[in-house]
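Hello,

Here is the structure I promised to pass on to you. Have a look at it first, and my notes follow below.

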Amino acid sequence: QGPLIESGGRSVHSGDSLRLSCAANGRTFSDYIMGWFRQAPGKAREFVASISATGDTYSADSVKDRFTISRDNVKNTIDLQMNDVKVDDTAVYYCTADRGVTVQTMASAPYRYLEFWGQGTLVLVSS
């Protein structure tokens, strides 16, 4: 297992809600910017949301009215609450952490340069 472990992905129907979690494994990320990316089949990995150590957040326009990112620095976890999911939200969701970005610049950073990644959790939305 890697430094970040995602959980919560499952099959749901359009309009449902689900919550993804990401837990640190073996280290602390309390001073890192953390975030979620996703990768749909045949598409590039894209930014979803990010959160700073103090709780500042930034989200992609496609999800900002439906998804909420949060973090617990004591538990060393971040969550992604996904409401009113759509078929287009189907993807593998990845947790990431990096100290060299801000919540805004994580959105445009080449994802390969972000320092830590989880293995991903699959969200499958059917109509």
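**What I found**

The accessible surface of the protein chain comes to about 6,500 Å², and 47% of that belongs to carbon and sulfur atoms (areas come from the Shrake-Rupley method with a 1.4 Å probe; for residues, only the protein chains shown count as cover). Please keep in mind that this is a predicted model, where local features need pLDDT of at least 70, side-chain atom pairs count only at pLDDT 80 or more, and totals for chains, interfaces and linings use all residues. Residues are numbered from 1 along each chain as its sequence is written, and side-chain values use heavy atoms, with hydrogens and water left out.

**Overall fold**

The protein chain has zero helices and 11 strands (DSSP runs numbered from the N terminus: H or I of at least four residues for helices, E of at least two for strands). Its radius of gyration is 13 Å, close to the 14 Å that the globule rule gives for 127 residues, so the chain is as compact as a globular protein of that length (the radius is taken over C-alpha atoms; the rule is 2.2 Å times the number of residues to the power 0.38). Along its principal axes, the C-alpha trace spans about 40 × 25 × 25 Å. Of the 127 residues, 44% count as buried (under 20% relative accessible area; exposed is over 50%, partly exposed in between, with a 1.4 Å probe and protein chains only).

**The core**

The largest nonpolar core has 38 residues, and Met 34, Trp 36, Leu 80, Met 82 and Tyr 93 have the most contacts inside it (such a core is a set of buried Ala, Val, Leu, Ile, Met, Phe, Trp, Tyr and Cys residues joined through side-chain atoms within 4.5 Å). Elements giving two or more residues to this core include β4 (33-39), β5 (46-51) and β9 (91-98). The largest share, five residues, comes from β9.

**Around β5**

Five of the six residues of β5 are buried. β5 pairs with β4 in the antiparallel sense over five bridges (two strands pair if DSSP finds at least two bridges between them), and Met 34 stands opposite Ile 51. Their hairpin has six residues between the strands, and Gly 42 takes a positive phi near 75 degrees there.

β5 also pairs with β6 (residues 57-59), antiparallel over three bridges, with Ile 51 opposite Thr 57. This hairpin has five residues between its strands, and Gly 55 in the turn has a positive phi of about 100 degrees.

Best wishes
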